[in-house]
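Good morning, everyone, and thank you for making the time.

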Amino acid sequence: TEFLISGFLEGALEFEAVKSLRLPEGMFNSVFQLSSWAAASAHAGKWHEAIEAVDRLFELDEPIGIVHSIHKLQALVELGEFDRAVSVAKSIVVRATEILEEAGVLGAKQSLARVLFRTGHVDESKDILREVIAAQTRLLGRQNFQTQESAALLTEVESFASLQHGRCRD
């Protein structure tokens with residue numbers, strides 16, 4: 001009950017902050033809170049607040065998505081700050097390219113792990129899959145179907161290794 005009341009109060013405070021469309025100091029300190037604020041501000045046409053929220057997102061030492069930069073880009077265009085908007089747009093393209101390249105490398109590593117597993121190199125396969133899952137989560141900032149697929153393959157490899165280890169003892 002205490003947890004529910006605490007969550008309700010926090011939600012009510014966030015709602016009041018969004019309703020008044022001002023960014024209270026010290027209240028927003030997580031990626032979720034700041035990205036919600038950036039989106040709400042951008043949708044409400046509060047461009048300075050959207051830019052401030054995105055800038056504060058970049059100060060956090062956590063991965064954030066391209067969508068946040070797009071909120072800032074939209075705000076800069078609406079404010080007529082075209083030089084800054086071009087700079088942000090270029091950084092979005094660079095980051096998107098990096099993400100695509102890294103995702104391609106991770107997909108290739110996952111395929112390699114699958115081949116290694118099927119050819120009996122179980123330990124190598126497990127190591128690569130663990131690396132892939134960690135990188136996918138870091139790259140995306142969360143888990144998705146790709147990390148779930150990698151995790152399922154890792155579970156299969158570990159189960160096989162466990163069975164093989166049991167047979168060796170018998």
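This is a predicted model: local features need pLDDT of at least 70, side-chain atom pairs count only at pLDDT 80 or more; totals for chains, interfaces and linings use all residues.

Which residues does Leu 129 touch, not counting residues up to four places away in sequence? Taking contact to mean heavy atoms within 4.5 Å, Leu 129 touches Gln 110, Ala 113, Ser 150, Leu 153, Leu 154 and Val 157.

Residues are numbered from 1 along each chain as its sequence is written, and side-chain values use heavy atoms, with hydrogens and water left out.

Let me start with the core around that leucine. By a nonpolar core I mean a set of buried Ala, Val, Leu, Ile, Met, Phe, Trp, Tyr and Cys residues joined through side-chain atoms within 4.5 Å, and buried means under 20% relative accessible area, with exposed being over 50% and partly exposed in between, using a 1.4 Å probe and protein chains only. The largest such core has 16 residues, of which Leu 106, Val 122, Ile 128, Leu 129 and Val 157 touch the most other members. Helices H5, H6 and H7 each supply at least two residues of this core, and the largest share, 7 residues, comes from H6. There is also a second, separate core of 9 residues, which includes Trp 47, Ala 50, Leu 76 and Ile 92. The helices I am naming are DSSP runs of H or I with at least four residues, strands being runs of E with at least two, and they are numbered from the N terminus.

One of the neighbours of Leu 129 is Ser 150, which lies in helix H7. Ser 150 counts as buried, at 0% relative accessibility, and with residues up to four places away in sequence left aside, Ser 150 touches Gln 110, Leu 129, Val 132, Ile 133 and Gln 136.

Let us turn to H5 itself. Among the buried residues of H5 are Ile 92, Leu 106, Gln 110, Ala 113 and Phe 117. After H5 comes Gly 120, whose phi is positive, near 90 degrees.

What kind of aromatic pair do Phe 117 and Phe 160 form? Rings of Phe, Tyr and Trp (its six-membered ring) pair if their centres lie within 6.5 Å, and planes under 30 degrees apart count as stacked, over 60 as edge-to-face and the rest as tilted. By this rule the count comes to 1 aromatic pair, and that pair, Phe 117 with Phe 160, is edge-to-face, with 5.4 Å centre to centre and 85 degrees between the planes. Because Phe 117 lies in helix H5 (residues 82-118) and Phe 160 in helix H7 (residues 145-169), the pair ties together parts that are 43 residues apart in sequence. Phe 117 is buried, with a relative accessible area of 12%, whereas Phe 160 is partly exposed at 33%.

Now for the charged side chains. A salt bridge is a side-chain nitrogen of Lys or Arg within 4 Å of a carboxyl oxygen of Asp or Glu, and the structure holds 8 of them. In one, Asp 55 pairs with Lys 72, the closest N and O atoms being 2.5 Å apart; this links helix H3 (residues 47-59) to helix H4 (residues 66-78), the two residues being 17 residues apart. In another, the side chains of Glu 131 and Lys 109 meet at 2.3 Å, N to O, and since Glu 131 lies in helix H6 (residues 122-140) and Lys 109 in H5, the pair ties together parts that are 22 residues apart in sequence. Lys 126 and Asp 123 form a salt bridge as well, at 3.7 Å between the closest N and O atoms, and being 3 residues apart in H6 they are separated by about one helical turn. Lys 126 is buried at 16%, while Asp 123 is exposed at 54%. Finally, Asp 127, Arg 130 and Glu 158 are linked in a network of salt bridges.
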